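User: I would like to learn how to read a protein model, one feature at a time. Could we work through an example together?

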Amino acid sequence: MMHVKPLSSLSHEEVSDLAAHAAERGEELALANPYPPGSWRHTVFRDVFLARTADLQPVS
C-alpha cells in the first residue's frame, strides 16, 4: 500500500526527488514547482530541478 504525504510535509530529500523526476519528465519549472516562492521547499525544488535539467542536456 502506498502512503500519501502532504507536499508540505516532504523532507529535503523527498523534495529533491520530486524536482529531479519533474525535470526528467520534461516539465516546465514554473508549472511543476508546487511550493510558494520564498519557502525553503520552493528554493530546493528550483535548484535541484535546474541542476537536473542541466545534467540532461546533450554534451557537444
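User: Among contacts in the protein between residues at least 6 apart in sequence, what percentage join residues at least 24 apart?

Analyst: This is a predicted model. Of the contacts between residues at least 6 apart in sequence, 55% join residues at least 24 apart.

User: How many helices and strands does the protein have?

Analyst: There are 3 helices and 0 strands. Along the sequence the pattern reads α-α-α. The C-alpha atoms fill a box of roughly 40 × 30 × 20 Å along the principal axes. Of the 60 residues in the protein, 25% are buried.

User: How do I describe the way two helices pack?

Analyst: Two packed helices are described by the angle between their axes and by the distance between the axes. Here, helix α1 covers residues 12-24, and helix α3 covers residues 40-55. The two pack at an angle of about 40 degrees, with their axes 8 Å apart. That angle makes α1 oblique to α3, since angles under 35 degrees would count as roughly parallel and those from 65 to 115 as roughly perpendicular.

User: What is the handedness of the crossing where α1 passes α3?

Analyst: The crossing is right-handed.

User: Which residues of α1 and α3 meet?

Analyst: On the α1 side they include Val15, Ser16, Leu18 and Ala19. On the α3 side, Val44, Phe45, Val48 and Phe49 are among them. Sorted by class, this contact has 11 nonpolar, 3 polar and 3 charged residues.

User: Let us take one residue from that contact. Is Ser16 buried or exposed?

Analyst: Ser16, which is found in helix α1, has a relative accessible area of 15%. Buried means under 20%, so Ser16 counts as buried.

User: Which residues is Ser16 in contact with, leaving aside its neighbours within four places in sequence?

Analyst: Ser16 is in contact with Val44 and Val48. Both of these residues are in α3.

User: Now a residue of α3. Is His42 buried or exposed?

Analyst: His42 lies in helix α3. Its relative accessible area is 18%. The same cut-off of under 20% applies, so His42 is buried.

User: Which residues is His42 in contact with, apart from neighbours within four places in sequence?

Analyst: His42 is in contact with Asn33, Tyr35, Pro36 and Pro37.

Conventions. Residues numbered from 1 in each chain as written. Predicted model: local features only at pLDDT ≥ 70, side-chain atom pairs only at ≥ 80, totals over all residues. Heavy atoms only, no water. Helix = DSSP H or I, 4+ residues; strand = E, 2+ residues; numbered from the N terminus. Buried < 20%, exposed > 50% of the residue type's maximum accessible area, 1.4 Å probe, protein only. Contact = heavy atoms within 4.5 Å. Axes fitted to C-alpha atoms, helices over the stretch in contact; angles between N-to-C directions. Parallel < 35°, antiparallel > 145°, perpendicular 65-115°, else oblique. Left-handed = near helix turned anticlockwise from the far one by under 90°. Nonpolar A, V, L, I, M, F, W, Y, C, P; charged D, E, K, R; others polar.
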